[in-house]
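This report walks through a few parts of the structure shown below, residue by residue and sheet by sheet. Please keep the view open while reading.

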Amino acid sequence: HPGVLPATVRADFPLLRGEDAPVYLDNAATTQKPQVVLDAVVDYYRTANSNVGRGHHRLALTATDRYESARAAVGRFLGARHPEEIVFTANTTDSTNLLAEVVGRRVVGRGDQVVVSGMEHNSNLLPWRRLCDQVGARLVVAPTDPAGRVDLPAFTALMGPKVRIVAVAHVSNVLGTVNPVREMAEVAHRHGALVVVDGAQAVAHLAVDVGELDADFYCFSGHKVYGPMGVGVLYGKHDLLADLPPFRVGGGTVKGVRHDEPVHYVPAPARFEAGTPDVAGAVGLAAGLEYLLDLGGPAVRAHDESLVAAVLEAVADLDDVDVVGDPGAVPCGIVSLSVRGIHPYDVGGHLDAHGIAVRCGVHCASTFLDSLGLVGTVRLSFAVYNTLEEIEYLRSVLKTVRPGTWTAEHPTERFL
Ligand code: PMP
């Protein structure tokens with residue numbers, strides 16, 4: 001363990017205890033859950049389970065209280081000004097789809113433009129692409145430089161009066177690159193565009209302050225930040241959310257309906273949370289964020305930094321192993337590797353056979369991988385429980401990787 005976090009951290013995660021525990025380096029896909037999160041979820045069901053926002057009995061009020069406390073905790077974590085700026089969704093993908101349907105359909109019309117970066121995950125690409133196809137707008141892709149970073153001058157040059165929305169990842173899920181979101185937002189706002197930030201890979205690693213970034217909307221998933229699967233977040237500036245029509249409609253979105261009168265929807269956030277929400281998920285997510293806050297942002301970042309530095313050092317003298325792109329000045333716990341002449345799937349299979357879990361391939365970002373000229377990468381992604389010993393072990397296993405079936409079946413040029 002790099003020593004900047006308590007040595008006891010690993011013991012907080014039941015799945016990582018014991019002899020057979022994996023060397024889990026696939027945290028950008030989902031993190032493991034600490035006992036405090038599991039306890040929060042179980043405690044909710046054991047002591048407070050009821051439907052929220054509707055009932056008039058004490059248990060319903062307790063459940064509503066826990067749900068709204070979780071919302072307030074997420075708001076504080078992101079630096080939101082009001083808890084009402086936090087909408088609970090199912091995940092990042094759900095949040096971006098909501099935005100494309102609700103904000104996109106309102107502000108993007110025929111001949112307009114939506115700008116995305118060249119490194120977007122499909123979840124922050126396809127909702128915008130579909131919107132543009134549907135309304136006759138153009139999706140414009142801001143280029144990345146050879147190191148896989150957003151090219152800020154090129155992005156700025158793309159901006160003009162037709163751009164209505166800029167949608168960008170805060171941190172790349174492929175390379176761990178931190179995008180200059182604040183600068184991009186400033187440029188976008190100068191041109192009257194709204195800014196949507198996909199924070200799925202940022203919240204577990206950076207000190208995110210939506211006010212400082214001046215993001216109009218910010219999305220993330222609970223399961224990537226030590227919380228449960230099935231709950232996500234959409235932050236939206238108060239005045240923007242207040243002005244939007246609902247997305248899904250149904251129970252919880254109105255006070256009352258009359259067949260012969262217009263429907264009046266309740267304000268945000270309930271307006272965007274039709275149906276019964278994942279209350280235990282929201283409670284668990286708040287517990288995950290609290291766990292992270294207790295460890296302390298600076299210590300978490302120092303930990304990320306030491307693991308990334310250790311990987312770079314560990315592979316520096318492995319001649320066939322290349323680091324893809326530039327993990328950057330603020331490492332976010334992701335390093336993508338390419339092993340010369342060996343398909344990423346073969347590398348992944350070999351690592352798995354030795355108990356190391358990584359993600360290989362295009363990481364739901366094939367357009368980015370295409371622009372890098374790669375069929376895929378071997379992505380190592382870290383969390384607070386990873387150790388320097390695990391990196392050392394990874395290095396020893398990487399030294400023994402050999403070409404396999406994927407390598408035999410596919411031409412090598414593209415993944416060199
Ligand atoms: N955006 C980015 C940058 C991601 O890394 C991911 C998850 N891989 C997503 C969006 C989608 O997250 P989810 O599957 O939780 O909706």
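Val-114 is buried, with a relative accessible area of 0%; buried stands for under 20% relative accessible area, exposed for over 50%, and partly exposed for what lies in between (1.4 Å probe, protein chains only). The model is a predicted one, in which local features need pLDDT of at least 70, side-chain atom pairs count only at pLDDT 80 or more, and totals for chains, interfaces and linings use all residues. Residues are numbered from 1 along each chain as its sequence is written, and side-chain values use heavy atoms, with hydrogens and water left out.

Val-114 sits in strand 3. Strands (E, at least two residues) and helices (H or I, at least four residues) are DSSP runs, numbered from the N terminus. Apart from neighbours within four places in sequence, Val-114 is in contact with Val-108, Trp-128, Leu-131, Cys-132, Arg-138, Leu-139, Val-140 and Ile-165, where contact means heavy atoms within 4.5 Å. The C-alpha atoms of Val-114 and Ala-137 are separated by 7.5 Å, although these residues are 23 residues apart along the chain.

Which way do the residues of strand 3 point? Gln-113, Val-115 and Ser-117 point one way, Val-114 and Val-116 point the other way, and all are buried. In a regular strand the side chains alternate between the two faces of the sheet. Five of the five residues of strand 3 are buried, so strand 3 is largely enclosed by the rest of the structure.

Seven strands form an open sheet with mixed pairing, in the order 2-8-7-6-5-3-4; two strands pair if DSSP finds at least two bridges between them. At the edges stand strand 2 (86-89) and strand 4 (138-142), each with a single partner strand, so one side of each has no neighbour in the sheet. On average, neighbouring strands of this sheet are turned by 20° against each other, direction ignored. For such angles, axes are lines fitted to C-alpha atoms, for helices over the stretch in contact, and the values run from 0 to 180 degrees between N-to-C directions.

Strand 3 (residues 113-117) and strand 4 run parallel and are joined by five bridges. Within this pair, Val-116 stands opposite Val-141, and Ser-117 stands opposite Ala-142.

Strand 10 (residues 334-339) pairs with strand 13 (residues 377-381) over four bridges in the antiparallel sense, and Leu-337 stands opposite Val-378 of strand 13.

After helix 11 comes Gly-355, with a positive phi near 80°.

Glu-85 lies in the loop between helix 2 (58-78) and strand 2, and Asp-304 lies in helix 10. A salt bridge is a side-chain nitrogen of Lys or Arg within 4 Å of a carboxyl oxygen of Asp or Glu. Lys and Arg count as positive and Asp and Glu as negative, while His and the chain ends are not counted.

| Buried residue, no salt bridge | Nearest side chain of opposite charge | Distance |
|---|---|---|
| Glu-85 | Arg-81 | 5.5 Å |
| Asp-304 | Arg-301 | 6.8 Å |

What lies 2.8 Å from a polar atom of the Glu-85 side chain? The backbone nitrogen of Arg-81 does, and the backbone nitrogen of His-238 lies 2.9 Å from a polar atom of that side chain. Beyond four places in sequence, the contacts of Glu-85 include Leu-234, Tyr-235 and Lys-237. Asp-304, counted likewise, touches His-205, Pro-331, Cys-332 and Gly-333.

Definitions and conventions: Polar contact = N/O pair within 3.5 Å; in protein donor to acceptor, adjacent residues only side chain to side chain.
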